Structure formats: structure tokens, C-alpha cells
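Subject: Structure handover

Hello,

Here is the structure for you to look at. Please open it beside this email and find each residue as you read.

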Amino acid sequence: MFDIDHLGVAVKSLAAARTFYEHLGLSVVGEETVEGEQVRLAMVPVGESRIELLEATSPESAIARFIAKRGEGLHHVALRVNDLAATVERLKKSGTRLISEDIKVGAGGHLYVFVHPSSTGGVLLELCEDPPQGV
Ligand code: ZN
């Protein structure tokens, strides 16, 4: 089973992006800094999915480099999968190019890995799995 967990959007200013989505009538939740990725992010729930607003906290951040090269915009599409470890193993066997070989732990304990755009038809693809329940 797959769902679109979120769409990641690279923005120069999280505050400005928040204001737009709030004017649109959506609520912006869960603002936090993820040190490991050098980003500050906030989530905009939309139906059963979300928009993830990403602002760089360092010029070295992947988000800063993305904006310098391509400007603000859609950065990645995130699909939620049931068994991320098995999915990643399957992709590795098929020769899929991953951004990093290891599954990382992100905000709220969710697990994620990025698949390189050269393997996906030009879209940076995040695969994620919810943290185990009841722990
Ligand atoms: Zn994401």
C-alpha cells in the first residue's frame, strides 16, 4: 500500500510561505528544525496528505543549494510505504540509485530514504514509514 505522505516545497522564507497558506485558509502545524538536514520545516495538512515547507538553516543545506540552482519550488514527492526496509532492499537489488544507502530517522521518529531523480523520471522521491505504534 502506498500513499502520498507529503509534497516537499523548498522556500526562501518559511514565514512568508506560512502566511500564504494561512491566507489560503489552511493551517500550518508542527514547525521544527531538523539539524541533520539543516532545514527548518512546517507541515500544511491538505486532505489525507500534507505539504512540507522547507527552509534552509545553512548555505550548505541541500535546500539552500536547490534554491540557488533552481529557485523555490517543488523539491520532492514523499510516498509512505508499509515496509521501508524491504522496499529499500528490493530497490537496491534492482539497481536503483539511492541518495544514501541507509534508512534515516526523521522528525517524530519516522523512517525515510531518498531515491535519486535519475532513477525516478526526474523527481527526487522520498520513501517514508511511520514510526512503530505503541512504543
Ligand atoms: Zn519530505
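Below is what was found, grouped by site.

One caution before the details: this is a predicted model.

**The zinc site**

Start with the metal. Which protein residues are the donors of the zinc ion? They are His6, Glu52, His76 and Glu126. Both histidines use their NE2 atom, and both glutamates use OE. The donors lie 2.0 to 2.3 Å from the zinc ion.

Next, look at the geometry. The site has 4 donor atoms, and the angles among them run from 85 to 169°. That makes the site irregular. To count as tetrahedral, four donors need all angles between 85 and 135 degrees.

Now find the donors in the sequence. Their spacing is H-x45-E-x23-H-x49-E. His6 sits in strand β1, while Glu126 sits in strand β8 (residues 125-129). These parts are 120 residues apart in sequence, so the pair ties them together. His6 and Glu126 are both buried.

Is Asp5 buried or exposed? Asp5 counts as buried, because its relative accessibility is 4% and the cut-off for buried is under 20%. Arg50 is partly exposed, with a relative accessible area of 30%.

This pair belongs to a wider group. Asp3, Asp5, Arg50 and Arg80 are linked in a network of salt bridges.

Together with Leu7 and Leu74, Ile4 makes a nonpolar surface patch of about 250 Å². Ile4 is partly exposed, at a relative accessible area of 45%.

Keep one general point in mind as you look along the strand. In a regular strand, side chains alternate between the two faces of the sheet.

**Glu31 and its two partners**

How many salt bridges does a search of the whole structure find? The search finds 8. Two of the pairs involve Glu31, as follows.

- Arg18 and Glu31 meet through their side chains, at 2.4 Å from N to O. Arg18 is in helix α1 (residues 14-24) and Glu31 is in strand β2 (residues 29-34). The two residues are 13 apart, and the pair links distant parts of the chain.
- Arg40 and Glu31 also form a salt bridge, at 3.0 Å from N to O.

Glu31 counts as partly exposed, at 34% relative accessibility. Arg40 is partly exposed as well, with a relative accessible area of 27%.

Strand β2 runs antiparallel to strand β3 (residues 39-46). The two strands are joined by 4 bridges. Val34 has Val39 in β3 as its bridge partner.

Where does Gln38 lie? Gln38 lies in the loop between β2 and β3. This hairpin has 4 residues between the strands. Look at the backbone of Gln38: its phi is near 55°. That is a positive value in a residue other than glycine. Gln38 counts as partly exposed, at 31% relative accessibility.

Best wishes

Definitions and conventions. Residues numbered from 1 in each chain as written. Predicted model: local features only at pLDDT ≥ 70, side-chain atom pairs only at ≥ 80, totals over all residues. Heavy atoms only, no water. Patch = residues over 30% accessible without salt bridge, like charges linked within 9 Å, V, L, I, M, F, W, Y side chains within 5 Å. Areas by Shrake-Rupley, 256 points an atom, 1.4 Å probe, with all protein chains shown as cover. Salt bridge = Lys/Arg side-chain N within 4 Å of Asp/Glu carboxyl O. Buried < 20%, exposed > 50% of the residue type's maximum accessible area, 1.4 Å probe, protein only. Donors = N, O, S within 2.8 Å, 3.2 Å for Na, K, Ca; no water. Tetrahedral: all angles 85-135°; square planar, octahedral: opposite > 155°, others 65-115°. Pairing = 2+ DSSP bridges.
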